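Open the model in your viewer and keep the selection panel at hand.

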Amino acid sequence: MNQILDSVRFSLCFVFLFYASWSDYKTREVSNTVWIVFAPLAFVLTLIEIYTLNEFSQLPFYGMCFGLTTAFAIILFYSGGFGGADAKALMCLALALPFYPENLTKPFFRQASPISQTFFPITIFSNSVLLAAATAIYMLMRNIFWRQKTGKKLFEREYESKSFGKKLLVLVTGYKIPIDKLKQKWHLYPLEDVEKTENGLKRKLVVLPKDEGREAIVERLSKAVENGKIQNIVWATPGLPMLIFITIGLITALFFGDIVWICISFLLG
């Protein structure tokens with residue numbers, strides 16, 4: 001019975017996250033209907049399991065997990081580190097799978113970490129962040145190959161005075177594309193901007209691109225290219241569909257475990 005209930009809750013999470021990931025990939029938006037349906041179903045299924053197994057002592061920990069996860073998700077959202085759909089997904093996961101479902105399976109490498117046993121959504125989050133961060137390797141290699149193929153500098157003379165840290169962030173989060181492609185691909189965000197000064201146009205790097213103001217920045221860059229003020233190639237970054245990484249993070253957390261905990265345990269022997 002325990003295994004069946006855990007299987008149902010995991011299946012619920014996977015189905016909703018899979019659909020949300022697909023929607024996030026196609027449109028970079030997820031309808032609120034997904035979370036409106038997901039949340040109550042998750043809550044009811046978890047309460048049914050607690051009632052069926054007579055584990056009422058878990059209720060305070062269930063509430064604490066949901067409360068802390070919600071606070072964490074809201075902080076990430078308002079600090080710009082998370083989208084609204086990502087935050088809602090994390091809160092729904094806290095309702096459906098607050099603790100590691102030990103009756104369903106065991107981690108492949110090690111037993112569930114202490115964090116997974118009490119705050120499973122945090123493990124899912126940390127796994128998803130690490131998986132998303134791995135895309136930095138792809139971005140860096142792409143920029144290295146572009147540099148070798150074209151023989152051009154990655155950063156023009158205007159950026160020579162910029163800090164090493166800022167240029168490194170751009171290197172691992174974006175790549176150079178023609179301005180026309182940036183205008184056509186709505187999911188690409190400019191990593192640079194231009195502004196008028198007394199001496200002409202000044203170029204600057206944008207390391208934290210946002211939806212707000214994207215079109216205005218693209219228009220400024222386009223006009224600067226048309227007027228011959230800057231080259232036709234500009235820095236841009238693809239808006240990562242974080243829900244895909246959250247979904248993969250869920251699967252990884254369930255079958256492989258807490259990646260951070262595994263690494264720490266390995267280092268400490």
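Which residues have the most contacts inside the largest nonpolar core? Select Trp-35, Phe-38, Phe-82, Leu-243, Ile-246 and Leu-250. This core has 41 residues. A nonpolar core here is a set of buried Ala, Val, Leu, Ile, Met, Phe, Trp, Tyr and Cys residues joined through side-chain atoms within 4.5 Å; buried means under 20% relative accessible area with a 1.4 Å probe, protein chains only.

This is a predicted model: local features need pLDDT of at least 70, side-chain atom pairs count only at pLDDT 80 or more, and totals for chains, interfaces and linings use all residues. Residues are numbered from 1 along each chain as its sequence is written, and side-chain values use heavy atoms, with hydrogens and water left out.

Next, colour the helices (DSSP runs of H or I, at least four residues, numbered from the N terminus). α4 gives the most, with 9 residues.

Zoom in on Leu-250. Leaving out residues up to four places away in sequence, Leu-250 touches Phe-10, Cys-13, Phe-14, Leu-17, Leu-93, Leu-97, Phe-120 and Ile-124; contact means heavy atoms within 4.5 Å.

Now show α1 with α11. Residues meeting here include Phe-14 and Leu-17 in α1, and Ile-246 and Leu-250 in α11. The contact divides into 15 nonpolar, 2 polar and 1 charged residues.

Technical notes:
Buried means under 20% relative accessible area, exposed over 50%, partly exposed in between (1.4 Å probe, protein chains only). Helices (H or I, at least four residues) and strands (E, at least two) are DSSP runs, numbered from the N terminus. Ala, Val, Leu, Ile, Met, Phe, Trp, Tyr, Cys and Pro count as nonpolar, Asp, Glu, Lys and Arg as charged, and the others, Gly among them, as polar.
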